[in-house]
Amino acid sequence: MTDLRFAWLEITGKCQLSCTHCYAESGPRGDEGVLTAQDWFRAIDDIVSIGARSVQFIGGEPTLHPDLPDFVDRALNGGLEVEVFSNLVHIGPRLWETFSRPGVRLATSYYSDTASQHEAVTRRPGSHARTRANIAEALSRDIPLRAGVIDISASDHIGRQRTRAAQADLSSLGVPHVGVDRLRRIGRGANASLVPDQPGFDQLCGRCGHGAVAISPSGDVWPCVFARRIKLGNILDTDLATILSTTSFTAPVTAGPSCWPQGGGSCAPNDDPPRA
């Protein structure tokens, strides 16, 4: 873990949505955990000092954390590239200003070109129109943005998913990078599957911890945002550099699919920054 290039910072478990497949099991009843703003500043500084190149702020919904603009500023001032993975349901003026800074990009998830099918996943009426409008707003502001269509056709919640139509809809809006990922049986995704079971290492690609690390709202450090059952340490107990340099960890060898475009580390093609 001495070659850290990227970190997921899961700054909150709170979200306006209650997506049926959420691997983090976030929702309106979630909270920001126990880390203070100063704890996150220290974590960002540690990531910079270790030599990482980029971070991604995730949740829950990271835009619900009141200190997100300050976290982004701290990361940018440290020379990191920043991506914010947001549902884009609500973006206020201060956040638009933050997202318009050089070095910041956005990412979002999308489920269908129809509101009824998209909202069967998000469980929030009106979320489709809000996300779609804010995708258009981000593009109009020339904010770099990518979108992932999450294929949850293995779920019994929405019927036959309009995955290709969703991709076409995003392309029609002018989204330059549209990826597709599958349902993962992690968190609520384990129950959303047509064959519910306990999530296992078969949901991982087997390259966890290769150049990437995740930090949770409780301070726990994971080798991948999907490998939530593997705790390497906690930044409230030990600094990140020590955790990464002293923890003995071997990634599980599995036959699972690549985490790209949802995963990290060496899963990413062409050594691109990992993403969630």
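D142 sits in the loop that runs between α5 and β5 (145-151); helices (H or I, at least four residues) and strands (E, at least two) are DSSP runs, numbered from the N terminus. D142 is exposed, with a relative accessible area of 68%. In these terms, buried means under 20% relative accessible area, exposed means over 50%, and partly exposed lies in between (1.4 Å probe, protein chains only). The phi of D142 is near 60°, a positive value in a residue other than glycine. Before going further, please keep in mind that this is a predicted model: local features need pLDDT of at least 70, side-chain atom pairs count only at pLDDT 80 or more, and totals for chains, interfaces and linings use all residues. Residues are numbered from 1 along each chain as its sequence is written, and side-chain values use heavy atoms, with hydrogens and water left out.

R123 also has a positive phi, of about 60°, although R123 is not a glycine. R123 is found in the loop between α4 and α5, and it counts as partly exposed because its relative accessibility is 48%. Why point these residues out? Most residues other than glycine have a negative phi, and most peptide bonds are trans. On the peptide-bond side, G59 and G60 are joined by a cis bond with omega of about 20°, and G60 lies in the loop between β2 (54-58) and α2.

Now to the two helices on either side of R123's loop. Two packed helices are described by the angle between their axes and the distance between the axes. Helix α4 (residues 115-122) and helix α5 (residues 127-140) pack at about 105°, with axes 8 Å apart. Therefore α4 is roughly perpendicular to α5. Axes here are lines fitted to C-alpha atoms, for helices over the stretch in contact, and angles run from 0 to 180 degrees between N-to-C directions; those from 65 to 115 degrees count as roughly perpendicular, under 35 as roughly parallel, over 145 as roughly antiparallel and the rest as oblique. A115, H118, E119 and T122 in α4 meet S127, H128 and A129 in α5, where contact means heavy atoms within 4.5 Å.

Next, the aromatic rings. The structure holds 5 aromatic pairs; rings of Phe, Tyr and Trp (its six-membered ring) pair if their centres lie within 6.5 Å, with planes under 30 degrees apart counted as stacked, over 60 as edge-to-face and the rest as tilted. F6 and W8 form an edge-to-face pair, 5.1 Å centre to centre with 90° between the planes. F6 counts as buried at 2% relative accessibility, and W8 counts as buried at 1%. The rings of W40 and F71 have centres 6.5 Å apart and planes at 50°, so this pair is tilted. The pair links distant parts of the chain, with W40 in helix α1 (residues 37-50) and F71 in helix α2 (residues 68-77), 31 residues apart. Both W40 and F71 are buried, and W40, F41, F57 and F71 form one aromatic cluster.

Finally, the whole protein. There are 8 helices and 9 strands, and of the 276 residues, 55% count as buried. Among contacts between residues at least 6 apart in sequence, 68% join residues at least 24 apart.
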